[in-house]
Amino acid sequence: MTHASDKLRIQRQREAFGRRVREYRLSAGLSQEELAEAAGIHRTYVSSLERGQRNVSLDNIIALARALKIDAAQLLEGI
């Protein structure tokens with residue numbers, strides 16, 4: 001069973017990941033729609049991911065990193 005503190009920690013990690021994606025996206029000069037298209041995912045997925053509402057898969061982490069022209073590890077750094 002997951003404790004409330006574990007759920008909160010996981011939620012904070014999702015939010016931190018979303019902030020990281022947003023920072024890299026903005027640094028690349030991409031809109032959510034442009035990033036989504038480059039990564040082969042839906043724009044609303046990018047939006048909800050950036051808000052920490054998604055439990056992102058490894059496949060999508062890799063797709064996002066490729067679209068951002070960075071290493072996937074950079075998206076997870078410090079999380």
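This is a predicted model: local features need pLDDT of at least 70, side-chain atom pairs count only at pLDDT 80 or more; totals for chains, interfaces and linings use all residues.
Local features require pLDDT of at least 70 and side-chain atom pairs count only at pLDDT 80 or more, whereas totals for chains, interfaces and linings use all residues. Residues are numbered from 1 along each chain as its sequence is written, and side-chain values use heavy atoms, with hydrogens and water left out. Helices (H or I, at least four residues) and strands (E, at least two) are DSSP runs, numbered from the N terminus.

**Annotated region**

- The UniProt record, an unreviewed entry, carries the annotation "domain: HTH cro/C1-type" over residues 21-75; such annotations may be inferred rather than shown by experiment, and their positions are given in the numbering used here, with feature names shortened.

**Helix 2 against helix 4**

- Two packed helices are described by the angle between their axes and the distance between the axes.
- Helix 2 (residues 32-39) and helix 4 (residues 58-68) have axes that come within 8 Å and cross at roughly 115°; axes are lines fitted to C-alpha atoms, for helices over the stretch in contact, and angles run from 0 to 180 degrees between N-to-C directions.
- Helix 2 is therefore roughly perpendicular to helix 4 (angles of 65 to 115 degrees count as roughly perpendicular, under 35 as roughly parallel, over 145 as roughly antiparallel and the rest as oblique).
- The crossing of helix 2 with helix 4 is right-handed; a crossing is right-handed if the near helix is turned clockwise from the far one by less than a right angle, and left-handed if anticlockwise.
- L35, A38 and A39 of helix 2 make the contact with A63, L64, A67 and L68 of helix 4 (contact means heavy atoms within 4.5 Å).
- This contact of helix 2 with helix 4 comprises seven nonpolar residues, no polar and no charged ones; Ala, Val, Leu, Ile, Met, Phe, Trp, Tyr, Cys and Pro count as nonpolar, Asp, Glu, Lys and Arg as charged, and the others, Gly among them, as polar.

**Helix 2 against helix 3**

- The axes of helix 2 and helix 3 are 8 Å apart, and the two helices pack at an angle of about 115°.
- Helix 2 is thus roughly perpendicular to helix 3, and their crossing is right-handed.
- On the helix 2 side, Q32, E33, L35 and A36 meet R43, V46, S47 and E50 of helix 3.
- By class, this contact of helix 2 with helix 3 has three nonpolar, two polar and three charged residues.

**Burial of helix 3**

- Helix 3 (residues 43-50) is largely enclosed by the rest of the structure, because six of its eight residues are buried (under 20% relative accessible area, with exposed over 50% and partly exposed in between; 1.4 Å probe, protein chains only).
- The buried residues are Y45, V46, S47, S48, L49 and E50, and their cover includes helix 1, helix 2 and helix 4.
- G52, which follows helix 3, has a positive phi near 80°.

**Individual residues**

- R20 lies in helix 1 (residues 4-27) and counts as buried at 19% relative accessibility.
- Leaving aside residues up to four places away in sequence, R20 touches Q74, L75, L76, E77 and I79.
- E77 is in the segment after helix 5 and is partly exposed, with a relative accessible area of 49%.
- E77 and F17 are 60 residues apart in sequence, with a C-alpha to C-alpha separation of 8.9 Å in space.
- K69, in the loop between helix 4 and helix 5 (72-76), is exposed at a relative accessible area of 73%.
- The phi of K69 is near 60°, a positive value in a residue other than glycine.
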